[in-house]
Amino acid sequence: TTFTDASIGGAHGNATANGNAQVDTAQSVFGGASYLGDGTGDYLSYADHADWNLGASEFAIDFRVRWPTVALSNFIGQWGSTTDLGWLIQFQSNLLIFYWTTDGTVGTVGNVFDAWIPSANTWYHVAVERDVDTVRGFVNGAQIFSGSMAGVTVHNSARELSIGSGTSAENPHNGWFDEWRITKGIARWRGAFTPPTEAY
């Protein structure tokens, strides 16, 4: 259950494994192991940090995901309940969705989405980036959505960063994750790209 922060200097420490979240060596994209949750309240969490505050800056968030059976999943974000909402990447009803709020309330929720119909037992590279005023979503390097974030400053939530669910285990992911990365200050791709071929 040790999930190591591989950022420069390990600035955020190891993630906290909640529920039955565990390291699994049966599946991985790189490195011989990945995260596994069983969909019953498992997730990883990090304490609130300035690095999770997307604000008005450019950003890129990407990861690998796999399901044994495709289902609703909250992938990553500072989101849950109805207050102090920040941002969230979610899969729901054959849609890849990026949500945000500007003041933490449900009244200011913005989103952009489009169709994605993944298959079970298949690894996917998923990415969401903000390029100035444009937000884009990609699967395996192909752009599947684009929308406007003109004038948007994402709410600086004090929630923990949750990986594999919303805060307090809403819509936990049943399956695997590998290679999480949050980049602030740049949009890495700005269009279709080839997913990384080695570990970050």
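**Entry: the model.** I noted before anything else that this is a predicted model.

**Entry: ring pairs.** How many aromatic pairs does the structure hold? I found 19. I picked Phe75 and Phe177 to look at in detail: the two rings are 5.9 Å apart centre to centre, with 90 degrees between the planes. That angle is over 60 degrees, so the pair counts as edge-to-face. Then I checked where the two partners are. Phe75 belongs to strand E6 (residues 73-77) and Phe177 to strand E14 (residues 174-184), so this pair ties together parts that are 102 residues apart in sequence. Are Phe75 and Phe177 buried or exposed? Both are buried.

**Entry: a second pair.** Next I looked at Trp79 and Tyr99, which form a tilted pair, 5.6 Å centre to centre and with 35 degrees between the planes. I placed Trp79 in the loop between E6 and strand E7 (87-92), and Tyr99 in strand E8 (residues 95-100). The two are 20 residues apart, and the pair links distant parts of the chain. I wrote down both Trp79 and Tyr99 as buried.

**Entry: arginines over rings.** I looked for charges over ring faces and noted two arginines. Arg66 lies over the face of Trp176, at 5.6 Å from the ring centre. Arg181 does likewise over the face of Tyr200, at 3.8 Å from the ring centre.

**Entry: the core.** The largest nonpolar core has 36 residues. Which of them touch the most other members? I got Val65, Phe75, Ile76, Ile89, Leu96, Phe98 and Trp116. Strand E5 (residues 59-66) gives the most to this core, with four residues. I followed up Ile89: leaving out residues up to four places away in sequence, Ile89 touches Ile61, Phe63, Asn74, Phe75, Ile76, Leu96, Ile97, Phe98 and Val128.

**Entry: Gln27.** I found Gln27 in the loop between strand E2 (22-24) and strand E3 (34-38). Its side chain has a polar contact of 3.3 Å with the side chain of Arg66, and another polar contact of 3.3 Å joins the side chains of Gln27 and Trp123. With residues up to four places away left out, I listed Ala33, Ser34, Arg66, Trp123 and Trp176 as touching Gln27.

Definitions and conventions: Residues are numbered from 1 along each chain as its sequence is written. This is a predicted model: local features need pLDDT of at least 70, side-chain atom pairs count only at pLDDT 80 or more; totals for chains, interfaces and linings use all residues. Side-chain values use heavy atoms; hydrogens and water are left out. Rings of Phe, Tyr and Trp (its six-membered ring) pair if their centres lie within 6.5 Å; planes under 30 degrees apart count as stacked, over 60 as edge-to-face and the rest as tilted. Buried means under 20% relative accessible area, exposed over 50%, partly exposed in between (1.4 Å probe, protein chains only). A charge sits over a ring if NZ of Lys or CZ of Arg is within 6 Å of the ring centre and within 35 degrees of the ring normal. A nonpolar core is a set of buried Ala, Val, Leu, Ile, Met, Phe, Trp, Tyr and Cys residues joined through side-chain atoms within 4.5 Å. Contact means heavy atoms within 4.5 Å. A polar contact is a pair of N or O atoms within 3.5 Å; within protein, one must be able to donate a hydrogen and the other to accept it, and residues adjacent in sequence count only if both atoms are side-chain atoms.
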